[in-house]
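Thanks, everyone. Let me put the model on the screen and walk you through it.

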Amino acid sequence: MSSTTTAPPRPSARRRVIFTAVLLTVTALLFWVPWTGLLAPGARWPWPVQVVGTAFFVVTSVAFPLLLVRAHGRRHSDRASRVAHLMLGVAWVFFAWTLITHVLRIVLAVAGVENPLRARFVAVTLLVLGLALVAHGIREARRVPRVKRTDVPLPRLDAAFDGLTIAVLADTHYGAIDRTKWSAATVAAVNALDPDVVVHVGDIADGTVAQRRGQAAALGDVRARHRFYVSGNHEYISNAQAWLDHMTELGWTSLHNQHRVLERGDARLVFAGVDDVTGAHSGETGHGADLDAALAGTRADDPVVLLAHQPSEIPKAVAAGVDLQLSGHTHGGQIWPFHLLVRLQQPVLAGLSRHGERTRLYTSRGAGFWGPPLRVFAPSEISLLTLRAA
């Protein structure tokens with residue numbers, strides 16, 4: 001299949017106005033709510049501190065949307081992306097914890113602590129806590145993912161496949177920050193597990209194959225008898241078919257609404273994969289989640305492991321009688337408390353869950369990060385699943 005795709009239509013003037021309004025509103029909240037925590041008038045900071053601090057917020061709040069547009073506009077500037085996404089992560093941490101420290105402000109007021117001591121204590125607490133969480137988040141995002149081991153009982157699994165191991169990679173998100181060394185170290189960690197099957201459940205990269213080929217190259221060194229890959233929503237920003245083709249070149253089996261059957265004697269185990277649900281509106285011909293096509297030709301009594309990028313596909317898996325769905329997408333929330341927003345869209349944040357009579361869902365927190373190079377209270381993972389015949 002050709003990797004060419006029709007260019008998406010340019011956004012209408014109305015959509016551009018809405019986008020601009022949302023971007024400016026979010027920017028105002030992310031940057032000026034922290035100002036109320038760090039530089040509240042009640043703190044009565046010396047005027048140089050107040051002026052310099054306020055100027056910093058003015059400059060960053062103006063620069064952020066401009067850098068973000070440059071990063072994701074026509075130029076797709078990696079340099080602008082690195083700066084804008086770091087700013088976004090830092091702003092989110094301080095925004096969230098400013099709201100929390102406002103509660104502390106109320107507690108101190110009730111306890112009789114007066115300004116400026118009250119406001120200064122809250123500001124210093126917020127500054128120290130915020131910087132510590134940012135430093136921790138950057139370290140967590142850049143480290144080689146920890147291995148999370150989970151036994152998964154499947155009632156229909158034949159005893160011949162009892163103990164089969166599956167290493168799950170998700171959301172590597174190779175992007176503006178060059179993580180070639182990280183990629184090689186992550187692959188080495190996967191190979192050290194000696195899994196029977198390795199799967200990548202989407203969001204390989206933010207960018208085209210040409211842009212991220214070097215970072216993704218290590219995936220060709222993954223050692224396993226079976227290697228399966230499905231597209232994520234981010235591939236559909238950068239030509240998913242090209243990524244499917246590239247993964248095939250690296251020796252993986254790209255499951256584009258397809259399946260493969262593993263056999264041990266008379267026993268069978270199906271690995272099926274569907275495109276990310278966003279593929280249907282991506283402009284790429286022939287793309288979009290099609291579970292019926294992925295399972296076409298399988299037997300009614302075949303146990304099925306389904307690769308679907310988003311956990312939200314689980315109702316379809318339950319209806320089709322799938323035994324285990326493997327997903328990513330959520331990043332476990334990535335930067336606390338963003339998980340509260342993720343849960344509005346996805347049924348599960350991370351880990352093993354049961355749905356319907358027999359269907360299990362395993363949701364990986366992912367190996368990499370999207371956008372802000374931070375992970376706060378949502379550590380990355382390489383998931384090692386061991387299938388058990390129940």
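First, a term: two strands pair if DSSP finds at least two bridges between them.

Some ground rules. This is a predicted model, so local features need pLDDT of at least 70 and side-chain atom pairs count only at pLDDT 80 or more, while totals for chains, interfaces and linings use all residues. Residues are numbered from 1 along each chain as its sequence is written, and side-chain values use heavy atoms, with hydrogens and water left out.

Now the sheet. It is open, with 6 strands in the order β1-β12-β2-β3-β4-β5, and the pairing is mixed. Which strands stand at the edges? They are β1 (146-154) and β5 (253-254). Each has a single partner strand, so one side of each is left without a neighbour in the sheet.

Let's go to β2, residues 165-169. On one side, 4 bridges join β2 to β12 (residues 381-389), and the two run antiparallel. Thr 165 has Thr 386 as its bridge partner in β12. Another 4 bridges join β2 to β3, this time parallel. There, Leu 169 has His 200 as its bridge partner. From β2 the chain crosses through helix α5 (residues 180-192) to β3, and this β-α-β crossover is right-handed. By right-handed I mean this: with the strands pointing away from the viewer, the path from the first strand over the helix to the second runs clockwise.

Strand β3 (residues 197-200) pairs with β4 (residues 226-229) in the parallel sense, over 4 bridges. The partner of His 200 in β4 is Tyr 229.

How enclosed is β2? Here is the scale: buried means under 20% relative accessible area, exposed over 50%, partly exposed in between, with a 1.4 Å probe and protein chains only. In β2, 5 of the 5 residues are buried, so the strand is largely enclosed by the rest of the structure. In a regular strand, side chains alternate between the two faces of the sheet. Both faces of β2 are covered. Thr 165, Ala 167 and Leu 169 are buried on one side, Ile 166 and Val 168 on the other.

Take Thr 165 on its own. Its relative accessible area is 15%, so it counts as buried. Contact here means heavy atoms within 4.5 Å. Leaving aside neighbours within four places in sequence, Thr 165 touches Asp 194, Pro 195, Asp 196, Val 197, Leu 384, Leu 385 and Thr 386.

Asp 171 and His 173 are both in the loop between β2 and α5. Phi is near 55° for Asp 171, a positive value in a residue other than glycine. For His 173, also not a glycine, phi is positive too, near 50°. Asp 171 is buried at 0% relative accessibility, and His 173 is buried at 1%.

Two cis peptide bonds to flag. One joins Asn 115 and Pro 116, with omega about 5°. Another runs from Trp 336 to Pro 337, with omega near 5°. Pro 116 is in the loop between α3 and α4 (117-142). Pro 337 is in the loop between β9 (324-327) and α10 (339-345).

On to salt bridges. The rule: a side-chain nitrogen of Lys or Arg within 4 Å of a carboxyl oxygen of Asp or Glu. That gives 11.

Asp 78 and Arg 212 form one of them, with the closest N and O atoms 2.9 Å apart. Asp 78 lies in helix α3 (residues 78-110) and Arg 212 in helix α6 (residues 209-216), so the pair ties together parts 134 residues apart in sequence. Asp 78 is partly exposed at 26%; Arg 212 is buried at 5%.

Arg 388 and Asp 162 form another, at 3.3 Å between the closest N and O atoms. Arg 388 is in β12 and Asp 162 in the loop between β1 and β2, so this pair ties together parts 226 residues apart in sequence. Arg 388 is partly exposed at 33%, and so is Asp 162 at 35%.

Finally, Arg 268 and Asp 302 form a salt bridge, with the closest N and O atoms 2.8 Å apart. Both residues are buried.
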